[in-house]
Structure formats: C-alpha cells, structure tokens
Amino acid sequence: MSDCTIRKSKRLLIVSQCFYPSVNRGGPAVSVTNLAKALAAQMEVSVITASYESGTKQTYAQIHEGKNRLFGCDVFYLKDTSPKALERAMQEASPDTIYISSLFSGAYTIPALRYAKKKKIRTVLAPRGELQPQALRRKTVKKHFYLGALKLFGLMKNIGFHATSTQERAQIKKHFPKAQVFTAQNLVIGGTEVSRTREKKAGELYAVAVCRVHPIKGLDRAISALKTVKGRIVYDIYGPIEDEAFYRRCITLAQELPENVKVRFCGAAAPENIPQILQNSDVFLMPTQTENFGNAIVEALQNGCPALISDATPWKDLSEAKAGAALPISGDYAAVLQMFADMSEQEWLSWSVGARTYINSKLNSRETLAIYLKMLEG
C-alpha cells in the first residue's frame, strides 16, 4: 500500500484562556474558536485552554479534562493551569508556531512567551483590543507596570503581533514601535442554517443584543433610546452580567420605560442557540463604546439581522448597504428604531438580505487567509 498521506506544513499551537464552549468571555472565545476551525485544514492545530468557564471552577460538561479532539484540532483542556502544567502541554504539542490570544491574560501569556523564547519558537500575539485607550483606562497602573515588566525581561523581543484592524495596528505600534504587525480581520465560520419562525409586523419591533452586561457595550444608551419609540417593542439582552452596578442601572432605566416597551435580561445563551435568536429578531441593538472586531455584530449580520450600532467598530458603512446603521455614540438611535418598528415584513426582508449580503462580501477572502498563513508559517 503506497503512502499517500499529505502532511500539513506546520504545527500551530494556540494558547488562550477561553475557547469553545465558553460563553462568559464573549467575542474573544468566538474569535479563537473560529481561528482554530478555519486553520485546521491548513495546519496541524493544537489549543491549550482552561477546562472551566471564566469566573468559575466548574468543568465544561461537553468535554473531558486533558486532550480532546475537536474541529480537527487537539484541544488541551487544563484544570491545572500552572506554568509547569502549561509547559507540559506545550511540549506535547511540539509547535512550530505559538499564537497567543491576549496580552493581559498573564497566567497564560507569560508561560507561553517564556517557553517560546527558550525553545526559539516563532510567536504571534493577538492583543484582542486590550491596547485600546478605553481598555487601558481600567486598572491602568497595573497594566502599564505589566507591559513594562514584559519589556524589561525581554519577553516581547522578536515576536509578531496580530491586529484585526488598522486602528489596532496603530495601538500596537504606540506601545511596541519596532514590532512586526500583521493586519488581518478575524476569520469567521458561516452561520448555522435555521429558519425564522416569526413574521415582521408593522408597529412591532423585536430588538436583541448578545453581549456582556458591561458599560462598554452601551446597553444603557440602548434602553434609553427605546423610551420614545412607538409600537410594541421588546428588547432581549443575552449575555453574562459582568458589572453588577451597571446591570442595576439598566434595570432602573428599563423600569422607567412606557408600557409599550419591554426589556428582558435573558442570561447567557449557548452558542448553538444564538443563530435562532438572531434570526427571530428584527434588529441587533448595541451602541458600543468600542469594538475591535465585533463577533456578535458579525453573527447578527450573517443571520440576516440588521445591526444598529455605534460608529466605534469596523462596520461603519451599514446604511449604504441597507444592512443597518452605525451612528455616533450620541446619535439619534430612537429615529432608526422607529423606522424599523414601522417596517412591514416585505420592507424588513430587504434589510435582512442587505445584512447577509454586506457581511458575506467582507469576510474570509483568499487574501485574508494568505495573510494568516504568512503570519503563522513565516
């Protein structure tokens, strides 16, 4: 029997605190999971991650501790995430390239950088928006001390960076002027095929947000914008409560709304349920302060749900494509919401088609995949 096995060119190790089936970490978990799925056909992919949800110590029900085979990858789910345990898993993965998702997840980032430096392994680090000014304002002294320590001990020398936008590239260069930065948007996996089970009626609006309950997502502004919208309005918010004080503020704002408007906090949704939630909604409403990429926005558009968001994301040209609207943070969200509330099924469908068409034209080009392979293979 002849040997016709085709060996993939390189062994890639992804080190990330969050990965499938994490819900609490939101976009970063989706980004890393999609990265592993998309590159598994091109490279031998391994992942090192925690075996439990962020903020808990409860092991995921869907996996077992240790090495699992998922999405064509070897995924090491670790309960013990000490530096020694991480090093053992890295040795077993035996990578040609290490991709580190997160700059400030020190318990993962520092051991991975040390191991890569000791073994002289090609390394790429993705800050995932952590160098945005809004992000650095939180725990700013601690973060600047951490960055200084990384530089002092030489852990950032000779590594590459992955930016998902030109804005993030500039933020990386501000802190690491001599760094090699590769700019490529997140790789995205196509949406699940499900069917919409409700019809859009004029005078009704089902709005949705899928995000962490945190001030940066602008849910308070979204709730306030609903106050003057006429019709039967429902706003469902799916996601973990990350900031209790902000959650209480949103509850207070919701209680002040007129009787025709209902706001519901639905908790975190399982990833497999999100496509159906989005397809049964009329508009994705999230006037976020900033988004490095916006996985939830992308998934909404993929599922035919027009997005009403701020202009502090990469998706600024929604209106021209009839895919939604990107307004200034202080913009008139109520007027756009009223427009969607007044739409009939036929009118709304043209926007739903526009959302799908728009995002499909933006994602996963051959050029983007080529940048990833150059970044990771050298």
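# A tour of the sheet and its helices

Helix H2 passes helix H3 in a right-handed crossing. The model is a predicted one, and this crossing is the first stop.

**Stop 1: H2 and H3.** Select residues 83-93 for H2 and residues 106-119 for H3. The two helices pack at an angle of about 50°, and their axes are 10 Å apart. H2 therefore counts as oblique to H3. Now show the side chains in the contact: H2 contributes Pro83, Leu86, Glu87, Met90 and Gln91, while H3 contributes Ala107, Tyr108, Pro111, Ala112, Tyr115 and Lys118. By type, the residues of this contact are eight nonpolar, one polar and two charged.

**Stop 2: the whole sheet.** Hide the side chains and colour the strands. Eight of them form an open sheet, with mixed pairing, in the order S3-S4-S2-S1-S5-S6-S7-S8. Which strands stand at the edges? They are S3 and S8 (180-183); each has a single partner strand, so one side of each has no neighbour in the sheet. From one strand to the next, the twist averages 25°.

Stop 3: Select residues 66-70 (S3) and residues 73-78 (S4). These strands pair in the antiparallel sense over five bridges. Within the pair, Asn68 is opposite Val75 in S4. Two residues lie between S3 and S4, which form a hairpin. Click on Phe71 in the turn: its phi is positive, at about 55°.

**Stop 4: S1 and S5.** Move to residues 11-16 (S1) and residues 97-101 (S5), which pair in the parallel sense, again over five bridges. Ser16 has Ser101 in S5 as its bridge partner.

**Stop 5: the helices on the sheet.** Bring H2 and H3 back into view. H3 packs on the sheet and touches S1, S2, S5 and S6 (122-126). The direction of H3 makes about 160° with that of S5. H2 lies across S1, S2 (44-50), S3, S4 and S5. Relative to S4, H2 runs at about 165°.

**Stop 6: H11.** Finally, select residues 333-342, helix H11. Is this helix mostly covered or mostly uncovered? H11 is mostly covered, with seven of its ten residues buried. To see them, show Tyr333, Ala334, Val336, Leu337, Gln338, Phe340 and Ala341. Residues three or four places apart on an α-helix point the same way, because there are 3.6 residues a turn. Among the buried residues of H11, look at Tyr333, Val336 and Phe340 with that spacing in mind.

How values were computed: Residues numbered from 1 in each chain as written. Predicted model: local features only at pLDDT ≥ 70, side-chain atom pairs only at ≥ 80, totals over all residues. Heavy atoms only, no water. Buried < 20%, exposed > 50% of the residue type's maximum accessible area, 1.4 Å probe, protein only. Helix = DSSP H or I, 4+ residues; strand = E, 2+ residues; numbered from the N terminus. Pairing = 2+ DSSP bridges. Axes fitted to C-alpha atoms, helices over the stretch in contact; angles between N-to-C directions. Parallel < 35°, antiparallel > 145°, perpendicular 65-115°, else oblique. Left-handed = near helix turned anticlockwise from the far one by under 90°. Contact = heavy atoms within 4.5 Å. Nonpolar A, V, L, I, M, F, W, Y, C, P; charged D, E, K, R; others polar.
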